[in-house]
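I opened the model today to look up a few things. My notes follow.

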Protein chains: 2
Amino acid sequence: MNDLSRAPVRETLAPFAIIEDVRPRIDDGRFAVKRVVGEEIEVSADGFAHGHERVACELRYRGPGDTSWRAVEMESLGNDRWRARFAVDRLGTWQYGVACWVDHLSAWRDAFLRRTDPADLRMHARMGAELVDACAANAQGAAREDLARWARALREEDDPARLHEIAMEPSRLELARRHAPRAGATQSAIFPAWVDRERARFSSWYECFPRSMSPQPGRHGTLADVEAGLGRIAAMGFDVLYLPPIHPIGRTKRKGRNNSPSSEAGDVGSPWGIGAREGGHTAIHPELGTHEDFRRLAAAARERGMEIALDIALQVTPDHPWVTQHPDWFRRRPDGSVQFAENPPKKYEDIYPIDFETRDWRSLWQTLREVFEFWIGEGVEVFRVDNPHTKPFAFWEWLIAGIHREHPRVIFLAEAFTRPRVMHRLAKLGFTQSYTYFTWRSTRQELTEYFTELAHDPSREYFRPNCWPNTPDILPRQLRDAPIEAFAVRLVLAALLAANYGIYGPAFELGENRPRDDVSEEYLASEKYEIKRWDLDRPRSLAPLIAKVNAIRKAHPALQSDWSLAFHGTDNDQLMCWSKRAGDDAILVVANLDPRHVQSGWIDVDLRALGLSDYGAWTVEDLLTGERYPWWGSRNFVMLDPRRGPAHVFAVTPGHP
Amino acid sequence: MNDLSRAPVRETLAPFAIIEDVRPRIDDGRFAVKRVVGEEIEVSADGFAHGHERVACELRYRGPGDTSWRAVEMESLGNDRWRARFAVDRLGTWQYGVACWVDHLSAWRDAFLRRTDPADLRMHARMGAELVDACAANAQGAAREDLARWARALREEDDPARLHEIAMEPSRLELARRHAPRAGATQSAIFPAWVDRERARFSSWYECFPRSMSPQPGRHGTLADVEAGLGRIAAMGFDVLYLPPIHPIGRTKRKGRNNSPSSEAGDVGSPWGIGAREGGHTAIHPELGTHEDFRRLAAAARERGMEIALDIALQVTPDHPWVTQHPDWFRRRPDGSVQFAENPPKKYEDIYPIDFETRDWRSLWQTLREVFEFWIGEGVEVFRVDNPHTKPFAFWEWLIAGIHREHPRVIFLAEAFTRPRVMHRLAKLGFTQSYTYFTWRSTRQELTEYFTELAHDPSREYFRPNCWPNTPDILPRQLRDAPIEAFAVRLVLAALLAANYGIYGPAFELGENRPRDDVSEEYLASEKYEIKRWDLDRPRSLAPLIAKVNAIRKAHPALQSDWSLAFHGTDNDQLMCWSKRAGDDAILVVANLDPRHVQSGWIDVDLRALGLSDYGAWTVEDLLTGERYPWWGSRNFVMLDPRRGPAHVFAVTPGHP
C-alpha cells in the first residue's frame, strides 16, 4: 500500500473556497449515476469560505463529445448548501462537477448596505469601484463600457443617498458578477453520469418461448410463429418481447422433462443448454428458423413499437463448438475431464461454466463481446443477461463500457437474484436494469419497505428495478395453486409500483399455478424442458386486464418513472395505497392484496403528495372501470371485490366536476 | 476540468474481489478520523466476489514510523459486511485500509462438506490437494511439511468417511488458509487517522484573566499571582488553565470599559488588542511579568498535573511591530490607511486583520507558525485559537499539520462560533477540539438533539466538542440575571454530558449574571476591558460543587469520553436523564433544568444501556450526596430541589447490597 501524508505541505496559495459533499455521487465518484434522455440531474453541494466571505457556486457539465464545459449558477439553499440542475438531452456519458469561488462583490454590497457614515460610504464606494474595475477588465464591448461607467460613478458621486442607489443597481451588479474575477476558486472532482434512452426507465416486458408459439399442436414453434403472434402481444401494450436463448441446444446429458437428469427421445432440452454441432451463441436453433427469420421478426417488432430482447447466457453444453475449439476456456478436473456446473450435491452435467480466469482470457472476453456485437448487428438492442453475478464484475464493467461506447442505445437487464451488495454492484458497473426481490415480496409491509428503498434510497441513482411477478424459473409462493385473481393483484403491483416490469407471459396470462413439488419454485411440467401448448384465447385469461393496465401506463407519465412513489395509510393491512405523480398527472392506486375476499377500509391520503390542497374537494376516476367519485379531504372509504378487480387505479384531479 | 472516462479499458486481468464502503472514512478519505492513545479504531467494509466465491478480508494498518503494515483478519457480519479493530498505541498519523481476496480453500471446503458420492469425494479431495499444494508452496519449514502431508493424505486416502475427516481437520485448514495464495486480491484506498494524547478526549478547562488575579486591590495581576492561585484551581480538579492573550496591549484607539470606543486614563484595554511598542505575539505584557515568570508558571502547572493553554488571536493593533515591519501584510483602503476590522456599521479601529492573501503570504504564514512554535518552546502544548473561522482553511490545515509533525502532543481548540459546515471543516482539517452550540442549548429537547448529534453522528469521528456554559464573550440567556442554581445546572450539563468542558472561571464560580444591556450577551463591566476583583472566597461560590463534579469525572471512566451517551425518558420536561458507560463503570444523571423550583417525576431508564438486565434489582449511589437507593426495573421516581443540588449523579451497580 502506498504512503499518504495527512495533509500536503502547500507550495502555492491554495484556493480559499471549499466544496464538500457533492451529490449525487456513487462510491466517492467511482461509478456513474443513471438518467434517460430528457431528464435532469439535480446537483447539490456544500460551498463556503472562511469568515464573512460570500461565495458563488457553479455547476459545470458536459455531454458526450462536448469539448467545453457548460455552466449554470447554483442557488443557495441556506446553511452553505447549493443546488442547480442540468438537462441531459442525448445518449452517452455526461460529466458534472461544482466550482466555487469567493464573491467579493456580493460581500462588498452586503457590507455597503449596512454602512451609514457618509465618509465611510464614500470610501467604500471607491473600494467597490476597484472591484468593478476588475470586472470591467474581464468584460468586452458594451459590458466593459457599462462597468467602467459604473466604477466612475461610484468614485465620483458625493451624495450618500445617491451613492447608495448607484451601488445597488441590480442589473449592473449582475453584470459585474458575471465578469468578476473568481478569487480563491476551487473545483470538485468530476462525476460521471450515464444517459440511456427512455426505455431504460419505462418498459413493459413479455417473455415467451418461441418453440411453444406454434398454432399447430405437435409442431415446433418458429420465429415466424412469434412474428405472427406479435400483434396480440402488441395489443396487450408490451414494448419488449423477451425470448429465452434461441440457439442450438446440446444433446449430451440433455435434461428431460421436469428437469429429469436423462432425456427421452423427443425431449427438446433447455434453451439455456447452449451449443450443439449446429453452432453456439451466434447460431439459431434450426427448428426455430434462420437468421433471416430473426431479422424479419426484429423488424416486424420495431414496426409495432416493440423490440426483441435476447437472453445471453454465458455457459455452454459439452457439444458447444467452443469446447473443442478452445479447450483452455474451461476448467479441468484432476481426471482431465471438463468441470461441469454443480452446486453440491446437485450436478448439472449438461452445462460447462466458462473459466473467465483462463490464461487466454483476452481472446475469451473478446469472443464473448463479439456475441453481443453479433446480435446488435442483427437488430437487437436489449439483452437480458442470465446470471451475471456468477461471472466476474470486471468482465461486465469492461463489456458494457465497450458496447456502450459504440452502441449507447443498448439496454442490459441483469438477471441476478442474489445478495443485495452483488446486485447493486452489477447495477453500478453498468447494467441498465435489474431483476428485483419483488417476486417474493407480498405483504403490505414487505412491499412498502422494499419499494420505498427502490424509489428513495440513494441507490436509486444507479439501480433501476425491473419487477417480475413470475419467471420460467420462479412460481412464487403467492402464486402456487392460487386463483387467477392472485395473478391480477401481482400484475397491478408490478406494473403500477414499478415503471419497468415484465411477465413470463403465457403462464401469467392464463394463471399457470401448478408447482412441480411442495418445496421448489419450479413449475410442474416447466416450459424450460418441454414445448407447451398455451390456450391463449381461454375466456378467463388476464389478457384484457393486462392490456388495460399497460394502456394506463402508456397514457400516464406518472407511471413511467419510479422516484415519485408515495405510500398512503390504510386501516386494513390487505389494502395497499400508493401514488405516483409527474407534473399535473397524478395516479392513486388502492390495491386489494387478498385475492380471495372482499376487503374494505379507510384510506388516509397525503394530499400534498398528489399536488392537492389539504382540505379541498378532489375527484378520482377509476381508469379500470370508468367510475368517478367526488372526494373530500384525506380520508375516504374504499371497498374492493377481487371478482370485480384487483384495485382502483384512480386518475386524480382537483375539485369536483 | 479533466476528462474522466466512465470505465477504464482493462489491459490486465483485474482483481475479482470487491471492496466497498470502508468505514470510518471522512469526505471520501480526504480527512483523518481522530482517536487518542489507547483507543481502538473499528473498521468495517463490504467485501465480496461474484457467484459462489468465498472471500476473506483483512484490515491493514500502520502507525507513525512503521515501515510495514500489520494485518488482522476481519470477521464476517453477514450480508457481505466485514469488521475488525486495531488499537492505536502512540501519537501521530496512522493509516488503515482493507484487503479482500477470493478464498478458494473455504469454498472448496463448503462444497466438499455437501458432497456424498464416493467417486465425487475422491475426485474433489484431489482438487483440494492441489489447493493445499499451493499453500504449502507459500509456507516454510514445519508448516510446509505439514501441509504437504495433508495434501498427500487427501490424494491417497480412499475411504470416503476417512476422507471427510481428513479434509475437515480444522487446524490444518487454518494453517492452509494462512499460507493460501490470495487469488483475485484487491485493496481499498488508504485512510488516515490522527492519534492525540488522552487530554484531547477528556479535559476540564478553567479560564481566567491573569491581570485580575492580584490579591491586592488596585495592583495589576501577574503571572506570579496566577502561579500562586494554581493550588486553588487544581483543587477544583481542572487540568487546563487557559489564559487570554498575555501580550502587550495596543494604545492607539484602545477600547475603554464596557467596550467604549474611547479609553480613559488607566483603562487597561482588551487582551485581544495584541501588540504595542513592547512587542507582539511572542512578547509578554510587561505588567504581567517576564518569559521567565511564564516558564515558571508553566512548570508549576505541570507539577500539579495541569497545563497552561494560551490564546492565539491572529490579529494586531495599529501599534503591533508587524504593522511597520510588514506593511504589506495588511490591506489598504483607497485613502492609503490600513483597513481596520469592521462588521458594518460597527468598526473596530483598534484591530487590524491580517491579510492572509498578501503576495508575501509565504513569509507571513511562516511567521505566524513561528508564534506557535515560540510558545511551544516556552512549554505550551495547548492552544485556544481565537476566531479561526475568519482565517483561510488552507492556512490552518498547513499550520496544524506542520506543528503536529514535530509536536504531536499539541492540542488546538477552535473558538469558532459559526455555521455548522465551517465548524466541521475546521475540525476535519486538524483542530483537536471545538467550541460548540452548547452555550445556547437549554431545553431538554435542544440538549437531547444536540448531544445526540455530538455523540452519535458520523461527524464524531473528527469533531470533538468542548462545552462551555459561559465565556468572557458570552453571558447566555439562561444565565442572565439568573440565580446561582442556574449556574449549577449548566455546570452539571457541561461536565457530565461532555468529556471536554470549560468555564470562564471566576465569573462562573461566583454566578456573575449581570448583562451589559438588554440585547447583547456581553457582561456588564466585562473583564475583557477592565481589571476585576473576584471575591473567590465568597460563601455562595460554586467552587465546592465544581470540585465535586470534577472529582467524579476523574474517578469515573464513563465520563471521560462522549460516544457512550444515552438519553432516557422522563415524564417531566424539566427533568433530563442520561447515562454514560465505560465497561463496568456506569453513571446515570438526572438533572433538574429548572433552577427555581422543585421538580419531580418518573424516569424510564433503558437498563441495557447501563449493562443491566431488564427486570432486575439495581443500586444507585448519588456521588454528590453519598445517598444510596435500591431500585427495581426501569421506572423510578425522582425529586430534585435546586436548593439542595442540580442533579443526581448516580453510580450504578447491579443488584442490591
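**Core and interface**

I started at B:Phe383. Setting aside neighbours within four places in sequence, B:Phe383 is in contact (heavy atoms within 4.5 Å) with B:Leu310, B:Ile312, B:Phe372, B:Trp375, B:Ile376, B:Val410, B:Ile411, B:Phe412 and B:Leu413. This is a predicted model, where local features need pLDDT of at least 70, side-chain atom pairs count only at pLDDT 80 or more, and totals for chains, interfaces and linings use all residues. Residues are numbered from 1 along each chain as written, chains are lettered from A in the order written, and side-chain values use heavy atoms, without hydrogens and water.

I then looked up the largest nonpolar core. It has 325 residues, and A:Phe383 and B:Phe383 have the most contacts inside it. Such a core is a set of buried (under 20% relative accessible area, 1.4 Å probe, protein chains only) Ala, Val, Leu, Ile, Met, Phe, Trp, Tyr and Cys residues joined through side-chain atoms within 4.5 Å.

Next I checked the two chains. I found 82 residues of chain B in contact with 83 residues of chain A. How many salt bridges are there between chain B and chain A? The count is 13, each a side-chain nitrogen of Lys or Arg within 4 Å of a carboxyl oxygen of Asp or Glu. One salt bridge joins the side chains of B:Asp46 and A:Arg421, at 2.7 Å, N to O.

Last, I looked at B:Thr452. B:Thr452 is in contact with B:Asp457 and B:Phe567, leaving aside neighbours within four places in sequence.

Notes. Buried < 20%, exposed > 50% of the residue type's maximum accessible area, 1.4 Å probe, protein only.
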